[in-house]
Structures are given as C-alpha cells and as structure tokens.
Amino acid sequence: MGKGKFYVALKKRFMELFPRLAYWRVKRICYRSNAVINDLSVKKGVSIDYRSDGLYPTMFAKPPSHYASLNAARQYDAKGIPHKDSVYNPVSVIQYGLAEYGYYHTTRAEEHLERARAVCDWLLENQDAKTGCWYYQSDFHHKGTGDTLHSPWASAMAQGEGISLLMRVYGITKQEKYLKVARSALEMLEVPVSDGGLCAEFDGYKVYEEYPTDTPSFTLNGTLFCSFGLFDYAKLTGDEYVYKMWESQVDAVERMLPLYDDDVCSSYDLSYHTAGLIGKNQNEKYHLIHIALLQNLQSIAPRTTFEHYIRKWAKITGH
C-alpha cells in the first residue's frame, strides 16, 4: 500500500472510531486557516428555517470570533471588494457579501449592509452584458473529470449565490438595478454546457453545474447553493417559470443524492461515477456543508430522502 492510500485508510479508520473528534478537528483547522467564512456547526434537527430575506445557508448569524483575523488575511480594492493579487473569485466575492448581509440581518449594524451593497454594485459592474455571467479569469483543471475550464468560464454556483445576495439587498433598498442584474444572471443556467452554458443532464433531469466541464461532475454543494438563488428570485418576484426551475433542481438532487452517500463522509461530487478517473472525492468540510444545505432545503421542500441523509450524515459526525 502506498503512503497516500495508507494515510487515507488511517484517516477513514480514525473517523469511524472517533467521529465527533474528527469533525471537530476539521472545523478547528478551517477556522484557524482563515480560509472559510462558513459556519461548519451541525445544527440539531432535520430542518433549518430558510427565508429569502434571512440568513443565508452556512453563514454565521454574527461575526465569528475569527472575523478580525479573517478580514486581516484578505486583500481589498479601493471599493472594499476582496481579491487576491487583483484577481477576483466570483464565489469568494459573493460569499463575502452574503456573510456581511447575515451580520446586518442579525445586528442591524449599517456597516455590514454597506459592504453587502458594495458587492452588489460589483456584481452590476462586472456582469457580462451578453450572458449575464460573472466570469473566472484563470484556467481551472478539474481533477475529477480530467477536463480543463479555460478562461473565461462561469459557474452556476456563482450565478445562484449572486442572485440570492442581490434579492436580499433589493428587498431592503428597492433599487431596481439589483433586480435587473439578478434576472440577467438566470439566462445561462438553462443553456447546455455543450453550447457554452451551465446546464448538464442527469437521468433526464437538468442540473446546474458549479464546474461546467465537458464531463459532468454534479458537484453537490454548487447545485444546492444555486437552487437557493432560484427559490429566492421566484419567492420575491412570483416568477412561475423560475419556480419550476427551482423545483426541477430539487427533484434532480433527490434523484442523485444516494450516489453521494458513504459511511464516513459524503462525496463532494459524482465525478467518480461520470468519469471514473479517481475514487469518491470525500471532503470533511463539505460533508458538514452538505448537511446544512440539506437542512435548509428540507424546510422549503420536505422530502423523506433528504431527511434520511440529513440524519445519516449528521450521525456520521457524531451528532
């Protein structure tokens, strides 16, 4: 057995024997690294009340204890938008805005709302006029599928999260420019990946892809995050077509969910199934995120399948 396989086997055994300790360690490492803004705590129950004007899934209700160090580790431009060496990651920018919105929602401190609005203005200024997308400006090699996404490329996760932020801030400011940008962000979701869009197909279901690779990866957290954007837009505008888009994603997730299952950690995506180049891509941080996303989804689209995996995956973590 090679060193890499031995380490994986050892970690898996540790997680089987000491699940709560293993996942506590994951959270501790993530928070200390200042690399994530997500609340990785496993909440009790099978559902978390989701509101389109409320706290976004996986975000802290109040600035966490590592908030100051997290901000100090970031680079910001003159408008307060986070970047890395002048390169903007759309999801990172949007999640920063969603986190700040959440802090405002709980504390009503205006500085948090202003930061969220600054991100909405960035989305307006950087949205592609033709496609409605926010593009990544560097190539990305997707290990699971073996495909490379060449710059510029878009992500359904960024589109959906961007819509969620825009709709929340629109609900407060009533500024039509944010609603218009959110509407434009929907355009490429239904376009097939083969035609330059963000839509793949799984067993007859449309799936909006975080990574629009030629070989679908069906990344679970990306599809779920995108689905909340559809729900938010439909909920706040009454758009029946977008509501049907959301329902379609819920059905697709329910159909795919058993393929992400495992005894110690859910799979990040289904590239092991679609491409077969590597085994299941198991990431403990995303296992915790999967649970939280499904708990939020269960509150607005209750399914016995979701409840089953929420309970099973939470139990894996010792809860």
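Me: Runs of DSSP letters define the elements: a helix is H or I over at least four residues, a strand is E over at least two, and both are numbered from the N terminus. Where does Gly162 lie, then?

Reply: Gly162 lies in helix α6. Before we go on, this is a predicted model, where local features need pLDDT of at least 70, side-chain atom pairs count only at pLDDT 80 or more, and totals for chains, interfaces and linings use all residues. Residues are numbered from 1 along each chain as its sequence is written, and side-chain values use heavy atoms, with hydrogens and water left out.

Me: Why is Gly162 called buried?

Reply: Its relative accessible area is 0%. Buried means under 20%, exposed means over 50%, and partly exposed is what falls in between (1.4 Å probe, protein chains only). With 0%, Gly162 is therefore buried.

Me: What is Gly162 in contact with?

Reply: Leaving aside neighbours within four places in sequence, Gly162 is in contact with Ile94, Leu123 and Trp134. Contact here means heavy atoms within 4.5 Å. Gly162 and Val181 are 19 residues apart in sequence, and their C-alpha atoms are 9.2 Å apart in space.

Me: Val181 is in helix α7. Which residues of α7 are buried?

Reply: In α7 (residues 176-184), the buried ones are Tyr178, Leu179, Val181 and Ala182.

Me: How do you know that they are on the same side of α7?

Reply: They cover an arc of only 165° around the axis, so they sit on the same side of α7. The arc is taken from the directions that run from the helix axis to the C-beta atoms. Glu176 and Lys180 are exposed on the other side of α7. The cover over the buried residues includes α5 (110-126), α6 (156-173) and α8 (220-237).

Me: Asn221 lies in α8. What makes Asn221 count as buried?

Reply: Asn221 has a relative accessible area of 1%, which means it is buried. Beyond its neighbours within four places in sequence, Asn221 is in contact with Met157, Glu210, Tyr268, Tyr286, Ile289, His290 and Leu293.

Me: Which residues of the largest nonpolar core touch the most other members?

Reply: In that core of 97 residues, they are Leu165, Leu189, Leu257 and Trp313. A nonpolar core is a set of buried Ala, Val, Leu, Ile, Met, Phe, Trp, Tyr and Cys residues joined through side-chain atoms within 4.5 Å. Leaving aside sequence neighbours within four places, the contacts of Leu165 include Ile94, Gly97, Leu98 and Tyr101.

Me: Why is the pair Lys206 and Glu190 called a salt bridge?

Reply: A salt bridge needs a side-chain nitrogen of Lys or Arg within 4 Å of a carboxyl oxygen of Asp or Glu. For Lys206 and Glu190 the N to O distance is 3.5 Å, and their side chains meet in a salt bridge. Lys206 is in strand β6 (residues 205-208) and Glu190 in the loop between α7 and β5 (199-202), so the pair ties together parts 16 residues apart in sequence. In total, the count comes to 17 salt bridges.

Me: What makes Asp251 and Arg303 a salt bridge?

Reply: Here the N to O distance is 3.1 Å, and the side chains meet in a salt bridge. Asp251 is in helix α9 (residues 240-256) and Arg303 in the loop between α11 (284-300) and α12 (304-316), so this pair ties together parts 52 residues apart in sequence. Asp251 has a relative accessible area of 30%, so it is partly exposed. Arg303 has 22%, so it is partly exposed as well.

Me: And how close are the N and O atoms of Lys312 and Asp261?

Reply: The closest N and O atoms of this salt bridge are 2.6 Å apart. Lys312 lies in helix α12 and Asp261 in the loop between α9 and α10 (271-274), so the pair ties together parts 51 residues apart in sequence.
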